[in-house]
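Dear colleague,

Please find below the structure that I am handing over to you. My notes on what was found in it come after.

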Amino acid sequence: MKMLTAYTYEVDDPQLAVEEIMEQLNLEENALKNSVGIINCHVDFIKEGVAKAVGQSLPFDSIGMTTQSSATPGSDYDPVILTVAVLTGDDVEFVAGMSPSLHDPAPTLLEDIYTNFTAPLTKKPSMFFVYAPVMVSVVGEDLLAYMDSLSGSLPIFGSVAIDFTDQMREPLVLFNGESYDDRLVVILLAGSPNLRFSAIAVSEDRFLEQKAIITKCEGNVIQEINEVSAVKYLESIGLARDGRIDGSFSIPFAIDAHDGKPLAVRNIFEVTPEGYIECGGNVTQNATLSIGSMDVDEIIKTANQMVQEVKDSGKQGGVFFISCATRSFTLGFNADVEIAAIQERMKDSIPFLFSYSGGEMCPIPDNSGKLVSSLQNSSFIMCVF
């Protein structure tokens with residue numbers, strides 16, 4: 001399996017954008033027996049019809065999502081960019097598809113998806129690549145758990161779509177160029193690609209030594225920490241003032257549920273009028289809470305660490321990098337430095353697709369070393385093959 005990549009900044013002219021993408025991909029010479037596409041873009045490419053034109057121009061199925069920014073080899077940092085990765089190979093198979101509306105009963109739709117996906121395969125399934133929408137009524141961990149049980153714990157790697165300015169706007173997913181706000185889009189890989197997954201949030205020395213206990217919570221909302229309201233606890237340690245948390249995106253929580261599973265890293269979405277904290281994923285009562293911090297140096301350090309893992313792996317097919325959008329928000333006026341660090345260190349050595357995420361899905365080792373597909377926040381994840 002190998003990866004082909006392309007990009008365009010052409011947001012106004014669908015035909016010109018398609019020409020640029022197809023010229024870079026050069027599918028006639030580069031595509032192998034089986035192929036599938038992955039498209040990441042700023043929401044404006046959907047509004048102007050460019051994403052649809054690109055998706056429909058590919059002679060195979062594709063999935064995609066909106067993102068804060070993305071990058072491939074040779075591209076410059078620009079939030080208004082559309083990037084394409086094509087996975088292609090002679091000895092691997094791909095099935096791409098889309099769920100019905102996630103407002104439908106989840107167990108039924110996921111059973112149908114998995115049955116439909118595996119039916120045409122002649123090789124053993126290897127992993128899911130997933131893009132998901134942002135939906136208040138749908139819990140990402142529940143989707144992961146159900147897909148995990150259906151598939152016999154196949155690795156699940158992917159992202160939640162993101163479109164954020166000063167608030168969440170229109171995060172969308174794509175299937176063959178068409179956009180949706182309530183569907184799960186999936187690629188199932190089959191065969192024996194040599195895959196490696198990795199995830200990192202914040203270095204251990206960036207967490208406070210002082211730990212706390214989540215004494216009351218519901219779903220993704222932390223109500224009490226150490227038996228006081230969540231925001232009051234943060235005020236007591238100097239991270240909040242008058243009910244406000246400045247720089248909340250740069251304060252990741254690491255949550256240890258003491259169940260043998262990987263730590264859940266969560267970012268802060270909002271403080272409620274009651275002094276509760278809404279997080280970017282589920283939290284667990286009686287779990288131990290560690291509080292960390294991110295800054296520009298830490299983001300560059302962890303990005304470089306992941307690139308070094310790629311280089312040390314010896315794999316040359318390609319790599320998907322997915323970075324939490326909160327890392328981009330933390331960079332502020334230095335928004336280009338994470339992508340620049342990856343571009344500089346990767347150069348033209350290995351094809352890659354980088355994108356920012358509203359939630360990162362990646363297999364992570366549990367306490368026994370078994371890979372468990374998890375939903376994370378504030379993290380940098382990768383899949384290299």
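This is a predicted model: local features need pLDDT of at least 70, side-chain atom pairs count only at pLDDT 80 or more; totals for chains, interfaces and linings use all residues.

Residues are numbered from 1 along each chain as its sequence is written, and side-chain values use heavy atoms, with hydrogens and water left out.

The chain holds 10 helices and 25 strands (DSSP runs, numbered from the N terminus: H or I of at least four residues for helices, E of at least two for strands). Of its 385 residues, 56% are buried, that is, under 20% relative accessible area with a 1.4 Å probe, protein chains only. The C-alpha trace spans about 65 × 45 × 40 Å along its principal axes.

Helix α6 comprises residues 140-151. From first C-alpha to last, α6 reaches 17 Å, close to the expected 16 Å (1.5 Å times one less than its number of residues). Its buried residues are E141, L143, L144, M147 and S151. These lie on the same side of α6 because they cover an arc of only 160 degrees around the axis, judged by the directions from the helix axis to the C-beta atoms. After α6 comes G152, whose phi is positive, near 75 degrees.

A search of the whole structure finds zero disulfides (pairs of cysteine sulfur atoms within 2.5 Å). For C217, the nearest cysteine sulfur is that of C279, 9.3 Å away. C217 is buried, at 14% relative accessible area.

Yours sincerely

How values were computed
Buried means under 20% relative accessible area, exposed over 50%, partly exposed in between (1.4 Å probe, protein chains only).
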